[in-house]
Amino acid sequence: MKAIVITTSGGPEVLKLQEVEDPQINDDEVLIKVEATALNRADTLQRKGSYPPPKGASPYLGLECSGTVISVGKHVSRWKVGDQVCALLSGGGYAEKVAVPAGHVLPVPPGVSLKDAAAFPEVACTVWSTAFMTSHLSAGETFLVHGGSSGIGTFAIQIAKCRGVRVFATAGSEEKLAFCKKLGADVCINYKTEDFVARVKEETGGKGVNVILDCVGAPYFQQNLDSLDFDGRLFIIGTQGGAKTELNIGSLFARRLTVQAAGLRSRSLENKAEIVSEVEKYVWPAITAGEVKPVIHKYFPLSEAAEAHQLMESSQHIGKIMLVP
């Protein structure tokens, strides 16, 4: 099969389409012929050599895909050859075929094309496992999502809105903020021209929000804590701005704050299967009902993965960037 290979650590130009061995499936895996895959920030870090795949994972990039099941392991009962699916991957999406544990596979939601379905697994599993399963974001609460126009952000705004949450989003341009508003964000903040803490306080009568989903890390850490209400929860899913900062532990006491952090890729197979199951149960109905839609900026042929990475690193996109073998 053909796959994108990281020929050496470096910039987007190191990504090359090459002929490689087909993946072999275990008894509890399915083999998917890939219809589409999507970029995630982690792909750019892996390309640079700073985010190696977990032990036993595919060496190739790609944390999600959609496609057709072409083979099933002998212990797999739910999926059969010909099923149209999408899946959460530990790697391997930037290829024509990928082997996936059966518990990490989802049906394509009714009303969503097979190609577009590749935009959902990583964002849905990330947002659901953090803001909802761990931080227990619930109806009537307030929620701040940083990077509102990203793949994660555009999904988080939609799923929070349809669950009765008041949503705040930050983004870096008026175009991106207008898009967040269109998706349903109640308060949109330009982090380049506004102090998001002051704006959050102003919009909440001085209280702050209940939950924050943050991909920036260190530079926002204290500001995030300052933006939380009593019993507020900060969930950190990325460190795009850096990972080291100082914490005055006393600042957590007065308002009983909780700081949480997690990745998705490094979790156990069992934990990921549990998340996928919850996503199918709670998120898929919202997609089927049309309350949550795929937000796709652009499709590239798989052979143009380097150009797709350049676009992601320019941050000029809104929503997901896709690759099609």
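Strands β3 (residues 29-38) and β6 (residues 97-101) pair in the antiparallel sense over five bridges; two strands count as paired if DSSP finds at least two bridges between them. The model is a predicted one, in which local features need pLDDT of at least 70, side-chain atom pairs count only at pLDDT 80 or more, and totals for chains, interfaces and linings use all residues. Residues are numbered from 1 along each chain as its sequence is written, and side-chain values use heavy atoms, with hydrogens and water left out. Helices (H or I, at least four residues) and strands (E, at least two) are DSSP runs, numbered from the N terminus.

- Buried means under 20% relative accessible area, exposed means over 50%, and partly exposed lies in between (1.4 Å probe, protein chains only).
- In the pairing with β6, leucine 31 has alanine 99 as its bridge partner.
- β3 also runs antiparallel to strand β4 (residues 64-72), to which seven bridges join it. Here alanine 36 stands opposite serine 66 of β4.
- Strand β15 (residues 320-324) is joined to β3 by two bridges, again in an antiparallel arrangement. Threonine 37 has leucine 323 of β15 as its bridge partner.

- Helix α5 spans residues 196-203, and Phe196, Val197, Arg199 and Val200 are buried in it. These residues cover an arc of only 165° around the axis, which puts them on the same side of α5; the arc is that of the directions from the helix axis to the C-beta atoms.
- An α-helix has 3.6 residues a turn, so residues three or four places apart point the same way.
- The cover over the buried residues of α5 includes β8 (142-145), β9 (166-171), β10 (187-190), β11 (209-214) and α6 (221-226).
- At the start of α5, a side-chain oxygen of aspartate 195 comes to within 3.0 Å of the backbone nitrogen of valine 197. Just after the helix, glycine 205 adopts a positive phi of about 60°.
- Valine 200 of α5 counts as buried at 0% relative accessibility. Not counting residues up to four places away in sequence, valine 200 touches Leu144, Phe168, Ile189, Gly208, Val209 and Ser227, where contact means heavy atoms within 4.5 Å.
- Valine 200 and tyrosine 220 are 20 residues apart in sequence and 14 Å apart in space, C-alpha to C-alpha.

**Aromatic rings**

- The structure holds five aromatic pairs. Rings of Phe, Tyr and Trp (its six-membered ring) pair if their centres lie within 6.5 Å; planes under 30 degrees apart count as stacked, over 60 as edge-to-face and the rest as tilted.
- Tryptophan 128 and tyrosine 282 form a stacked pair, because their ring centres are 5.5 Å apart and their planes are at 15°. Tryptophan 128 lies in helix α2 (residues 121-132) and tyrosine 282 in helix α8 (residues 269-282), so the pair ties together parts that are 154 residues apart in sequence.
- Tryptophan 128 is buried, with a relative accessible area of 5%, whereas tyrosine 282 is partly exposed at 33%.
- The pair of phenylalanine 196 and tyrosine 220 is tilted, because the ring centres are 4.9 Å apart and the planes are at 50°. Phenylalanine 196 belongs to α5 and tyrosine 220 to the loop between β11 and α6, so this pair ties together parts that are 24 residues apart in sequence.
- Phenylalanine 196 is buried, with a relative accessible area of 2%, and tyrosine 220 is buried at 12%.
- Phe120, Phe155 and Trp284 form one aromatic cluster.

- Asparagine 210, found in strand β11, is buried with a relative accessible area of 14%. Its side chain reaches the backbone nitrogen of threonine 142 at 2.7 Å.
- The residues that asparagine 210 touches, not counting those up to four places away in sequence, are Glu141, Thr142, Leu228, Asp229, Asp231, Gly232 and Arg233.
- Serine 251 lies in helix α7 (residues 250-253) and counts as buried at 19% relative accessibility. The side chain of serine 251 reaches the backbone oxygen of asparagine 248 at 2.7 Å.
- Beyond residues up to four places away in sequence, serine 251 touches Gln222, Leu225 and Leu257.

Note on methods. A polar contact is a pair of N or O atoms within 3.5 Å; within protein, one must be able to donate a hydrogen and the other to accept it, and residues adjacent in sequence count only if both atoms are side-chain atoms.
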